[in-house]
Amino acid sequence: RVNANKTMIKLAGKDFFHLRIRVHPYHVLRINKMLTCAGADRLQTGMRGAWGKAGGTAARISIGQVLMSIRTREDKIDAAIEAFLLSFFFNDAAPTDIDPFPLRVALPI
């Protein structure tokens, strides 16, 4: 998101696009912290009551789901495609589908 926004500001201008993130991180990731010191087996209960504390959030996505969309003018479509491609260097997967009308990106899983 940050890289796509910076690239679009640089290539198209601040007032010529609208970037929308289509997925939101509602899924809570939990971690069951365990002791690693000597004698830790007497101090903790293992997997009993292992619900854990909230460690972060993540977005659950499906195959082919649209992650980001950019609304822009027709003469700025090349800048939007380049912004999408540059932004996915920082993700785990590469975009599989970039539709120019409307401009959307889908990821493989």
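Trainee: Which residues touch the most other members of the largest nonpolar core?
Mentor: M8, F17, L19, M68, I70, F84 and F88, out of 14 residues in that core. Such a core is a set of buried Ala, Val, Leu, Ile, Met, Phe, Trp, Tyr and Cys residues joined through side-chain atoms within 4.5 Å. Buried means under 20% relative accessible area, exposed over 50%, partly exposed in between (1.4 Å probe, protein chains only).

Trainee: And which elements give two or more residues to this core?
Mentor: α1 (2-11), β1 (17-21), β4 (66-72) and α2 (77-87). Helix α2 gives the most, with 4 residues. Helices (H or I, at least four residues) and strands (E, at least two) are DSSP runs, numbered from the N terminus.

Trainee: What should I know about the model itself?
Mentor: It is predicted: local features need pLDDT of at least 70, side-chain atom pairs count only at pLDDT 80 or more, and totals for chains, interfaces and linings use all residues. Residues are numbered from 1 along each chain as its sequence is written, and side-chain values use heavy atoms, without hydrogens and water.

Trainee: Switching to charges. How many salt bridges does a search of the whole structure find?
Mentor: 1 (side-chain nitrogen of Lys or Arg within 4 Å of a carboxyl oxygen of Asp or Glu). R73 pairs with D75, the closest N and O atoms being 3.0 Å apart.

Trainee: Is D75 buried or exposed?
Mentor: Exposed, at 51% relative accessible area. R73 is partly exposed, at 42%.

Trainee: Where does L86 sit?
Mentor: In helix α2. L86 is partly exposed, at 32% relative accessibility.
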